[in-house]
Amino acid sequence: MQNKGAILTFAILLAAVCLYQLSFTFVARQVENRAEKYAQGDPAREFNYLDSISGEVVYNFLGLKQFTYKEVREQEINLGLDLKGGMNVTLEVQVEELIRALSNYNNDSTFNAALSRAKAMQKGSQEDFVTLFGRAFDEVDPNARLASIFLTLDLRDRININSTNSEVLEVIREETDAAIDNAFNIIRTRIDRFGVAQPNIQQLQTKGRILVELPGVKDQSRVRTLLQGTAMLEFWETYENQEVYPYLLEANQRLVELQAASGETTTESSAEETNGDEVQDADTTAADESAEEVSSLLSELEAGSADDTTGTGIDNMADFQKEFPLFAVLNPSTDQSGQLFQGPAIGIAHSRDTAKVNEYLNREQIRNIFPRDIKFRWTANSMDVEGNYFRLIALKAGTRDGRAPLDGDVITDARQDFDQFGANPEVSMTMNSEGAKTWQRLTKENIGKSIAIVLDNYVRSFPTVQNEISGGRSSITGLESIEEAKDLANILKSGKMPAPAHIIQEEVVGPSLGQEAISSGFYSFMIAFALVLIYMLFFYSRNAGLSANVALIANMFFIIGILASLGATLTLPGIAGIVLTIGMSVDANVLIYERVQEELRAGKGIKLAISDGYKNAYSAIIDGQVTTLLTGIVLYVFGSGPIKGFATTLIIGILTSLFSAIFITRLIFEWKLKRTKIIHFTTKLTENWLQHTSIKFLEKRKVAYIVSGALIILSIASLTFRGLNYGIDFRGGRTYVVRLAEDVQVADVQSALAASFGEMPEVKTFGGNNQIRITTTYKIEDDSENVDDEVEQLLMQGLKDANVLDDNVSLEEFTNDYQLSSQKVGPTISDDIRKDSVIAISFALIIIFLYILVRFTNWQYGLGAVAAIAHDALIVLGIFSLLYNVLPFSLEIDQAFIAAILTVLGYSINDTVVVFDRIREYLKIHPKRKREQNVDEAVNSTLRRTFSTSLSTFVVLLAIFLFGGATIRGFTFALLVGVVVGTYSSIFIATPIAYDFQKKLAKVVAKNKS
């Protein structure tokens, strides 16, 4: 074996990397177990505990590097929402509304007609809305000019009366892209402040769509409001740090008194309350402390060097927290010498302490100390790179109603620019006439002070006013980077151009269903894995079988480790992908072992037989795995969510399977050959199984054609007259899985819900008889903010009317305790899913045909392969059409089914390629034999491999089907049917069709020669 040292080194390094990455998951689980034990079943307490230690070191890797809990959590293997529960939401920014906001008037008939047409065109297109709008505008009126519509005050420096339509569209695209980016940033900030562990927020490939994944959330209504709410931009006057610090001192003293009165915390105080209009002198040690002394003492305590030299009696952090409870969580805003900073930042707090600061300052007894017009807001951005420390800003409500003196709707334009020297980034901002007057007054009254720019109650910037600004044109300077300037400009424009985002797809998985999915997924995985290990030992002896099992175990370790390294998300279909990989990874070992046995029967010694066996198996292994890999890549490109997770594990599994089967087993055999000269590759019970068969497959091909033809006709007839049971992925709608206390009658529930919704929903049992799945299209095209809550309210009421749900159950109790999961797919998303599915299957067929054409340099092989997989797909579709509503589990056509179909195609082509590879070899070895004899003998020689691979794959899929839970039972059923049909078609369809067309071509060639 060449390069043995390099391969061994690579295997060790790969194992070390996987072990390193998986160690973070192990450490994270240890910390979370401690938190769970500490919380004693209280989720809020558990979250607060984990949040409080997010910045603490919990992992010291070999003494080389330390990791905080936050860093450990970022590197642990991620579980999908279907495994741990949570909410998955796809939002779409309404670009149509953005375009309307950019235009100078909306009563132009051509403009409105173009918007309507673009919206209709969007349902069948992957192009962005601006492009579709431009095309629709030209179609409605080829002579119309966009410049006349978009020549506004905001855009006049970039658009003039002579601008072409393409130039105007480019400006519109820039503006809408900026608005979409800003909407994304606003949503990300809201989620970061929502208090969710490991949220995932990303912009999708389709412009204007944003994916939000929130593990563990329960308050779905709050999330919907949070995500769809319009951004609130405000400009506030501010207090100076020096003005507020005396109030903080008194607030701290009041806290000490409150805590003393109650032992720890209290809601009442006997201390005299102040009116907040003047600072009260407190005759206490705390009130006499200067900012310098407090800051110095706190620094010494944090450094561990305090020795009570100040005479306060404080020499440890516990004493400080008792004497200075407020400053223990809110550090005074001072420089290194302890002098108060100028500006509106009155303190700095760790993210874990911000809630405690809010709680202190919002107590009635504390709030009354401060001026009536003061408001406290945290900065949106942290002070440090790690994202731990935030500043608290003191705002001044200068109006009688306590609102901001200026709102974001006065902004007409904002953009990133450079100062007069062209070196430093700044933001140029323009206001309308009304805003300009207020802005002039504000800047005049606050020269030398800061104006805070607040978005969604978080301070995004607080620039200092240099002079009075008239005319409404301002520049914000002192920004650190171009990116910061661009972000601030987008934030300012959100007032003028609100980018409403509506939920177009939603999926909610309750924590109980997620835990059940983990249990069932792990259970099915262990059963399937054990069955494969036992089978390999039984069929290929203790020597060869054990080597293959070691490679399989190493393969599983590599898959999980690489998933963790890539930051990939493990989903329930992903577990199915891993289990499927187990079955398919056996194929490479089987091909090698069968080849080695052939070499041994030819009289070669064990060492040479192993060498030649590996060498001769490479072609079939690579061809078979590459075709499956191609379908996995297609799935990854066109899939989303759990389907992408399935594709990820499948791709990684194929690559690691190749490495494990080819190299790790070879290293084991090399090691064994140094210690023994005898290695058995089969057992006495299996050594003659399917060994010397001589079945005349080609003679029976017409029978196979008739059987397959009948199945295809039956499938087409069922598809024509009965159709398919399309899931909401393809038709749009809402689905809810509800678990009730007792068994229910589906018909009664359906009737009650029909009265509630005003239309007949689809109701089926899902798992047990007390668990139902409800599907409805009620108000699916309504994108108003509260429509999802309205539908859930009607659902709950319908179940109460059916007497299967107690009348006292509230909506919050229903969604948390009874509603296991929900899914919403809007019509726009369903159109895209249908289109992507057709593209994915078509693309898979094309690339498989091209690959076989290149590898076998014979189009007849490609035709046979494509005919076989088309045959497989049709029969699987036909079975789903015939048996839906007959079998006791869901046979819906959804994204998971498309993934199953593509996997079936990959598996079938893998089988077919192995047979084709052996036929090609026999034709080269025996060129003088009849083609029919070569083909029959080649197929017979692959029967042992076909049996072992198909059986092992079928067994692991059967384990998933039986024990993997109801969620993926339909998905697994499609794979089970596909394995059986694919094995049949590779022998009885692909091979005969390739043979018949080769035979016809040979006759044509012979006829032309004569």
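**Exercise 1.** In the hairpin of β5 and β6, which residue takes a positive phi?

*Solution.* Keep in mind that this is a predicted model. Start with the pairing: β5 and β6 run antiparallel, joined over four bridges. One spot to check along the way is N200, which sits opposite E213 in β6. Now look at the five residues between the strands; the hairpin's positive phi, near 95°, belongs to G208.

**Exercise 2.** Work out the strand order of the eight-stranded open sheet, and say which strands stand at its edges.

*Solution.* Walk across the sheet and you get β5-β6-β4-β18-β23-β20-β22-β21, with antiparallel pairing. β5 (200–203) and β21 (762–766) each have a single partner strand, so one side of each lacks a neighbour in the sheet, and these are the edges. From one strand to the next, the twist averages 20°.

**Exercise 3.** Which residues have the most contacts inside the largest nonpolar core?

*Solution.* That core has 122 residues, and the ones to pick out are Y593, I610, F681 and F880. Zoom in on Y593: setting aside neighbours within four places in sequence, its contacts include M536, Y540, F669 and F681. Apart from this core lies another, of 45 residues, including V93, A144, I172 and I210.

How values were computed: Residues numbered from 1 in each chain as written. Predicted model: local features only at pLDDT ≥ 70, side-chain atom pairs only at ≥ 80, totals over all residues. Heavy atoms only, no water. Core = buried A, V, L, I, M, F, W, Y, C linked by side-chain atoms within 4.5 Å. Buried < 20%, exposed > 50% of the residue type's maximum accessible area, 1.4 Å probe, protein only. Contact = heavy atoms within 4.5 Å. Pairing = 2+ DSSP bridges. Helix = DSSP H or I, 4+ residues; strand = E, 2+ residues; numbered from the N terminus. Axes fitted to C-alpha atoms, helices over the stretch in contact; angles between N-to-C directions.
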